[in-house]
Amino acid sequence: LLKHDTVKRNNVMTKFFDWFNRTYAKTSVKYWQFIELIINRRVVTLLALIFFTISSWGLISYLPSGFIPTEDQGTIYVNVTTPSGSTLERTNEVMDKIQKAAASIPAVEGVSTLAGFSLFTDGAGASFGMAMITLKPWSQRSEGVDEIIEQLSQKTETLKAASIQFFPPPAVPGYGNSSGFECRIQDRTGSGDLQKLESVARTFVADLGQQKELQNVFTSYDASFPQYLLNVDNDKAAQKGISVEHAMNNLQALVGSYYATNFIRFGQMYKVMVQALPKYRAQPEDILKFYIKNTDGEMVPYSAFTEIERVYGPEQLTRYNMYNSAMINGEPSQGHSTGEAIKIIEELSKQKLPKGYTFDWSGMTRDEISSGNQGIYIFAICFAFVYLILSAQYESFLLPLPVLLSLPTGIFGAYFLLMLFGLQNNIYAQVALIMLIGLLGKNAILIVEFAILKQKEGFSPAQAVAEGAVARLRPIVMTSLAFIFGLIPLMVATGAGAIGNRTIGTAAAGGMLFGTLFGLIVIPGLYIIFARKTQKDPDQNVKQNENNTPLSEIISE
């Protein structure tokens, strides 16, 4: 039975290879006929080159641009802000309700909450809260992070007593505290009016929220927290022989504590913290009852030179580029990219921000803008290196051009498949394009190298490139198909890093498919154009007719 199965299997494989060889032979003959038909038609080659170049440029302009896509990392961040002046107990109640709402979703594995800390500003306060929601592995859930965030928003929309934001973590840890975009409104008026800064920031957020390209736009800046302001009369303090700096340091020790020294007891080291007893600092007015020693050694009460005023201001004052600032966060809407969001925000800032107020980017958005067109520059540098290497190899500045000018076919294919699959032109797509320089250049080199050898044997440029194209058809097609099939798992990737894998796989597969298919048509025509120009080059004729006898032998004779 085993022998019978082996014979049957061998017969099937033999039939398959026979069929494949016959099909390839027919395809090779038709390709030869097609090449002979268009090889001397320069107009066809030039029109094809112009078409792919213009189409590639058009697709680049049409595709949404981005930097590093936001991936499903299996974690969702939650930032909570309760009304100004809220107690820690009230914030804890909101956090408990969020935890229960998240735990009711099947895709959620666990929830960790922390009241009293802001995830965006990294500041502490009773009205702040944060949570981290851990999702189940991708094999145990069908929803992505966006769908789960939508469910969380629906379950917590009844919590009107707090501002709640759900968002994925940043794509690169350390670049901001959230995904999406991040910018700062700066007060350059010099007035120091914090309430005016809040009004400008919230008005600008409202304008951004009306744009269809943006979603979840909000600001964590709030200048309505009840506070007490100490007004120190410098003249009275000087008359009492008191330094304002000394007075503030003394107040810091009495109210906020001061580290003095250490002591060891029972084999343990303990810190000595100097601070007034709680009963002496329970009310704001108790500050005026504290005393400070002046330069004469007398004890002077703070009420002699200080007044307390009740005001409203931000819980945490932030500066950016040395100016008072308000941070604004948000995300591009579904189907839009961070590049589109950046353009919208820049246009609105010029129209909506009042005089004296500007904005600047921060976090990963700042790096995205700083990178600019670096991908184009890197592509051009790689292009130049390949050109110089091939020029040295072929000893000609014209023959490498058929190799390099065939690349627009691959660039068109890469961007076309990205558009077809609804992906962005981000850093992964740019990496795929740089990779295509070598992959598609290899296909063109196989044909050009063979054609040069045939031309040295006495073949005309048309005969030489036709021989090279047909002879190299099989290795080009087989290696290209093997590479494309190997990229299919990336194109349909799921789970961690899925968007990046899909982008680089789709761009590389599209570029290889179109670059191979149309490159086999364009490369022979390009070779004819530049090979004939090389024959007309007088420097090339001199090089061919020069004496190869070493100079040392000529001198010795």
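Which residue's side chain does Arg-366 meet in a salt bridge? Let's find out in the close-ups below.

This is a predicted model, in which local features need pLDDT of at least 70, side-chain atom pairs count only at pLDDT 80 or more, and totals for chains, interfaces and linings use all residues. Residues are numbered from 1 along each chain as its sequence is written, and side-chain values use heavy atoms, leaving out hydrogens and water.

**View 1. Arg-366 pairs with Asp-360.** Their side chains form a salt bridge (a side-chain nitrogen of Lys or Arg within 4 Å of a carboxyl oxygen of Asp or Glu), with 3.2 Å from N to O. Asp-360 has 18% relative accessibility, so Asp-360 counts as buried (under 20% relative accessible area, with exposed meaning over 50% and partly exposed in between, using a 1.4 Å probe and protein chains only). Arg-366 is partly exposed, at 35%. By the salt-bridge rule, the count comes to five.

**View 2. Lys-289 meets Asp-286 in a salt bridge.** Here the N to O distance is 3.7 Å. Lys-289 counts as exposed because its relative accessibility is 59%, while Asp-286, at 10%, counts as buried.

**View 3. Arg-184 and Glu-182 form a salt bridge.** The distance from N to O is 3.9 Å, and both residues are buried.

**View 4. Ile-50 sits in helix α2.** This helix (a DSSP run of H or I, at least four residues, numbered from the N terminus) covers residues 42-62. With a relative accessible area of 46%, Ile-50 is partly exposed.

Terms used. Helix = DSSP H or I, 4+ residues; strand = E, 2+ residues; numbered from the N terminus.
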